[in-house]
Structures are given as structure tokens and as C-alpha cells.
Amino acid sequence: MLDVLGLEPDDEHVYRALLGRPNSTTMLLSDLLVVSRADVDKALSRLVQLGLVIRSADELFTAAPPAVALGSLISQRRDGLRMAEHALATFAEEHRAAMTGSSINELFEVVTGVDAIRHRFLQVQHAARTQVRSFITAPFVALPPDENTAEPMALDRGVCFRAVLDRAVLAEPGIVTDAIDSLRNGVQLRVADDLPMKLVLADADLGLVPLAVTPAGEPGAVLLHRSGLLDALDALFETVWRTAHPLELSGTRDASEATVEVDPQGPTELDRRILALLLAGLTDLTAATQLGLSPRTLHRRLRQLMDMAGVRTRMQLGAYAVRNGWAEPL
């Protein structure tokens, strides 16, 4: 548990044993933990050096208060990470300056194989300082959206995420649940009818674009550094983003046949999810599948919504829903 602070497993075991047993000897700890005396001595030496354990003149050991000792270590590690981030920014600037006069070959890196693409995909997001932008299309070759561990870490750093989903992606199993999680975490999502490629951009400095499968059957990608081509991809993303449909879903994870009661005051959360998916362009069958409903139940809900809105057609219902905020998340 404390390995992130530089402690070995033996260090943690000895420290936890001392928490309830002040003024313990090395021999007592060795017998208690069933660990050799030499290993206990090594752990105690490290703990004393880190300020987690206090050694008395007669070789008795007591754990320092966790709130003080561990709090200090955590603060030091946090300060160290901030310094590392500053160093990263400095190194990135130096790298950009060096790349300005680089040859064309140095502006591109061809990446081959699923593992290598996955590694670069995560690295690009880790390198972002202000924003990550992406085009998401199916199939997911290197990394499904729900396995993107770099996204929550970057969001915690304050990085802005904007993604455009190909409309066909919304039919993939579980993608709506993943979209809801991303929206809750602050990711901005939009939907486009037909995206030209997969793409991920970190700031204006790095871009990863998948390529066709190689003759050997391995997927490939190209990692782009700052260049005219990267500027073009930057402009392409912004153009598609402006015309894409914002995806806004309610926060309810579960939808079932039992949650279709009519709210006399307006649409239910399930209604809002139905409207959001249909406005995003999903077919009735796909929307029903994503929400765990039968097509018949979905059609019944739509008829009730049209009656509630006082309209006669789907198009009129869509306009009414947008105008009155029915498709907005709760």
C-alpha cells in the first residue's frame, strides 16, 4: 500500500506492527512478524531514516504518528511530482525547439503492433498539458474506451478532453455506459455521421493516427510531432467538432422495463436518455438495445412523449425536446 512512497513491504509490515506496540525491540518485532532479525534491522534503519520510526538510546523503537510522518512523505512526493511536471514542460519545450530544424524523418515515427500502439496511445495522453482531442471509430484494435487508464489521470491534472464519436460506435456493446462515465468525469463528447479516421491529439504537439494493417497482419500507426501535417489534423478536428452533434446523456446507469412510468410533470430520466440517443442518430432498435428495452416499449414511450408534447411526428418531437431541454442530462 505504501510502495508509492518508496517503502518496501517489510518496511510497511514493521511500521504497522509498531503502531500499536511502542518501545518494541528488534527481537520482539522479529518474533511477532516471523521475519529474520537482519530483515527487521534493515527495515527499521530505513524507517528511522524516513522519519517514520523513532529510535531511543536503549534501542527501543516507536512509530511516529502517521498523520505527521506519512503526511510529510506524501507532501514530499507531491512536491516531487510537481517538480517533475515542470521538468516535463521544460524538456518538451527543448524537444520542440530541437525538432524545429529536424529532418522530415525525425517528425514521424511508425509504430507497429497492438502493444506498441497501445503504449504510444497512453503516452500521448500522459504528455498532454492542456487538452486531448480524439476521433473514436470502431473497431477498437489497440484499446477499448473503458480500458483507457490515461484519461482519468489526465483529467485529474486538469487536462480538457474532447472526443468525437463516429455514429456507428454508439451501436457497440457497452459504449453508452462508457459515454455516461466519461460525461460525468468532464469529457466533452459529440457525434458525427462518418469520421475519416481514428485520431488522438495532445495539445498541438503530438498526434497518433492509425494506419492500415501491414502485410504481416499487424496494425500500424504513425506518431506525428509538431509539423504542417499535425496542424492540418488540428484544423480537421476543429472543423468536425463544430458540426458534430453534442452528446448529452442522463446520469442513470440502469434502465429496465420497470422504469417506464410516466411522470405527469414531464419526461422521466429514461425518456431523456431515449431522446438523447435518437437525437444523436441511433436507430430505434439500437437505442432500445443500449437501454435494455424492447422496441415495443421504446415506441410506447415515444408515443406518450408525443402526446405529452402535443406533437404528431418524430421530427416535431425532436424539435420540441431540444427547445424545452428534454434531452439534457439531469
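**Exercise 1. Overall make-up and confidence**

Task: State how many helices and strands the chain has, what share of its residues is buried, and where pLDDT stays under 50.

Solution: 
- Step 1. Twelve helices and ten strands make up the list of elements in the chain.
- Step 2. The chain has 330 residues, and 39% of them count as buried.
- Step 3. Take the contacts between residues at least 6 apart in sequence: 69% of them join residues at least 24 apart.
- Step 4. For confidence, the mean pLDDT of the chain is 79, and 83% of the residues reach 70 or more.
- Step 5. Residues 249-264 are the stretch over which pLDDT stays under 50. The model has 47 contacts beyond four places in sequence for this stretch.
- Step 6. Where pLDDT is low, predicted coordinates should not be read in detail.

**Exercise 2. The largest pocket**

Task: Describe the largest pocket by its volume, its lining residues and the classes of those residues.

Solution: 
- Step 1. The volume of the largest pocket is about 900 Å³.
- Step 2. Its lining consists of 45 residues. Those nearest the centre are Phe-121, Ile-136, Phe-140, Leu-143 and Pro-145.
- Step 3. Several elements give two or more residues to this lining, among them helix H5 (114-127), strand S4 (131-136) and helix H6 (150-156). Helix H7 (175-184) is also one of these elements, and H7 supplies the largest share, five residues.
- Step 4. Sorted by class, the lining holds 30 nonpolar, eight polar and seven charged residues.

**Exercise 3. The largest cavity**

Task: Find how many cavities of 30 Å³ or more the structure has, and say which residues line the largest cavity.

Solution: 
- Step 1. Searching the whole structure gives one cavity of 30 Å³ or more.
- Step 2. The largest cavity contains about 30 Å³ of space.
- Step 3. The residues lining the largest cavity are Asp-10, His-13, Val-14, Leu-33, Val-35, Asp-39 and Val-40.
- Step 4. Helix H1 (9-19) and helix H3 (37-50) are the elements that give two or more residues to this lining. H1 gives the largest share, three residues.
- Step 5. By class, four of the lining residues are nonpolar, one is polar and two are charged.

**Exercise 4. An aromatic cluster**

Task: Identify the aromatic pairs of the structure and decide how the rings of each pair are arranged.

Solution: 
- Step 1. There are two aromatic pairs in the structure.
- Step 2. Phe-135 lies in strand S4 and Phe-237 in helix H8 (residues 228-243), 102 residues apart, so the pair links distant parts of the chain.
- Step 3. The rings of Phe-237 and Trp-241 have centres 5.9 Å apart and planes at 20°, and therefore this pair is stacked too.
- Step 4. Phe-237 and Trp-241 are separated by about one helical turn because they are four residues apart in helix H8.
- Step 5. Now compare accessibility with the 20% limit for buried residues. Phe-135 has a relative accessible area of 3% and is therefore buried. Phe-237, at 0%, is also buried, and Trp-241 is buried as well.
- Step 6. Together, Phe-135, Phe-237 and Trp-241 form one aromatic cluster.

Conventions
Residues are numbered from 1 along each chain as its sequence is written. This is a predicted model: local features need pLDDT of at least 70, side-chain atom pairs count only at pLDDT 80 or more; totals for chains, interfaces and linings use all residues. Side-chain values use heavy atoms; hydrogens and water are left out. On a 1 Å grid over the protein atoms alone, a cavity is a set of points where a 1.4 Å probe fits but cannot get out, and a pocket is an open set with protein on both sides within 12 Å along at least five of seven lines; lining residues have an atom within 4 Å of a point. Grid points are joined across faces, edges and corners, and a volume is the space filled by probe spheres set on the points. Ala, Val, Leu, Ile, Met, Phe, Trp, Tyr, Cys and Pro count as nonpolar, Asp, Glu, Lys and Arg as charged, and the others, Gly among them, as polar. pLDDT is the predictor's confidence in each residue, from 0 to 100. Contact means heavy atoms within 4.5 Å. Rings of Phe, Tyr and Trp (its six-membered ring) pair if their centres lie within 6.5 Å; planes under 30 degrees apart count as stacked, over 60 as edge-to-face and the rest as tilted. Buried means under 20% relative accessible area, exposed over 50%, partly exposed in between (1.4 Å probe, protein chains only).
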